Amino acid sequence: QVQLVESGGGLVQAGGSLRLSCVASGRTFSNYAMGWFRQAPGKEREFVLYISRSNGRTYYSDSVKGRFTISRDNAKNTVYLQMNSLKPEDTAVYYCAAGSYVLGRPQVSEYEYDYWGQGTQVTVSS
């Protein structure tokens, strides 16, 4: 019911910044909670950030608190991931996800989302 396309990945030196975007099409964007996940080579996909439908609640993984920020613009059907103070450990494919479930809590599991983008590569050099 919704399609997601990420963009904004690339190469950056440690300490630098990137902003990822995820544009959604399909059903009403504001009906979906949104999350960002990442997957490094040889590792499981892991939760990074969550934002509620109303943009009033967010939840951050401990690994990115103070460095990454999630936001959304429902008028533009877009969710953003602002990444500052990047570290080599942040190197991964980053995915945005949309969740139709109404759980009343942050959604930190990949199984709590219905739709996924294709991913965008972020590589942080030391």
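**Figure 1. Tyrosine 111, out in the open.** Tyrosine 111 is exposed, with a relative accessible area of 68% (exposed means over 50% relative accessible area, buried means under 20%, and partly exposed is in between, using a 1.4 Å probe and protein chains only). You'll find tyrosine 111 in the loop between S9 and strand S10 (115–116). Strands here are DSSP runs of E with at least two residues, helices are runs of H or I with at least four residues, and both are numbered from the N terminus. Pick out threonine 58 as well: its C-alpha atom and that of tyrosine 111 are separated by 18 Å, and the two residues are 53 apart along the chain. A word on what you're looking at: this is a predicted model, where local features need pLDDT of at least 70 and side-chain atom pairs count only at pLDDT 80 or more, while totals for chains, interfaces and linings use all residues. Residues are numbered from 1 along each chain as its sequence is written, and side-chain values use heavy atoms, with hydrogens and water left out.

**Figure 2. The whole protein, before we zoom in again.** The protein has zero helices and 11 strands, so going from the N terminus the elements read β-β-β-β-β-β-β-β-β-β-β, in terms of the DSSP runs described above. Its radius of gyration is 13 Å, close to the 14 Å that the globule rule gives for 126 residues, so the protein is as compact as a globular protein of that length. (The radius is taken over C-alpha atoms, and the globule rule is 2.2 Å times the number of residues to the power 0.38.) Along the principal axes, the C-alpha atoms fill a box of roughly 40 × 25 × 25 Å. Of the 126 residues, 43% count as buried. Now for contacts, meaning heavy atoms within 4.5 Å: among those between residues at least 6 apart in sequence, 57% join residues at least 24 apart.

**Figure 3. A disulfide between cysteine 22 and cysteine 96.** How many disulfides are there, if a disulfide is a pair of cysteine sulfur atoms within 2.5 Å? The count comes to one. Cysteine 22 is joined to cysteine 96, with an S to S distance of 1.9 Å. The pair links distant parts of the chain: cysteine 22 belongs to strand S3 (residues 18–26) and cysteine 96 to strand S9 (residues 92–99), 74 residues apart.

**Figure 4. Leucine 4 and its neighbours.** Leucine 4 sits in strand S1 (residues 2–7). At 6% relative accessibility, leucine 4 counts as buried. Leaving out residues up to four places away in sequence, leucine 4 touches a whole list of residues, including Cys22, Met34, Cys96, Tyr115 and Trp116. So both cysteines of the disulfide pair, Cys22 and Cys96, turn up among the contacts of leucine 4.

**Figure 5. Tyrosine 94, tucked away.** Buried or exposed, what is tyrosine 94? Tyrosine 94 is buried, with a relative accessible area of 0%. Tyrosine 94 lies in strand S9. Setting aside neighbours within four places in sequence, tyrosine 94 is in contact with several residues, among them Glu6, Leu20, Trp36, Phe68, Met83 and Val122. Between the C-alpha atoms of tyrosine 94 and valine 124, 30 residues apart along the chain, the separation is 13 Å.

**Figure 6. Serine 52, buried in a loop.** Look in the loop between strand S5 (46–51) and strand S6 (58–60) for serine 52. Serine 52 is buried, with a relative accessible area of 2%. Beyond residues up to four places away in sequence, serine 52 touches Arg57 and Arg72.

**Figure 7. Two residues with a positive phi.** Most residues other than glycine have a negative phi. Asparagine 77 is not a glycine, yet has a positive phi of about 55°. Asparagine 77 is in the loop between strand S7 (68–73) and strand S8 (78–83), and is partly exposed at 25% relative accessible area. Serine 85 has a positive phi too, near 50°. Serine 85 lies in the loop between S8 and S9 and is partly exposed, with a relative accessible area of 39%.
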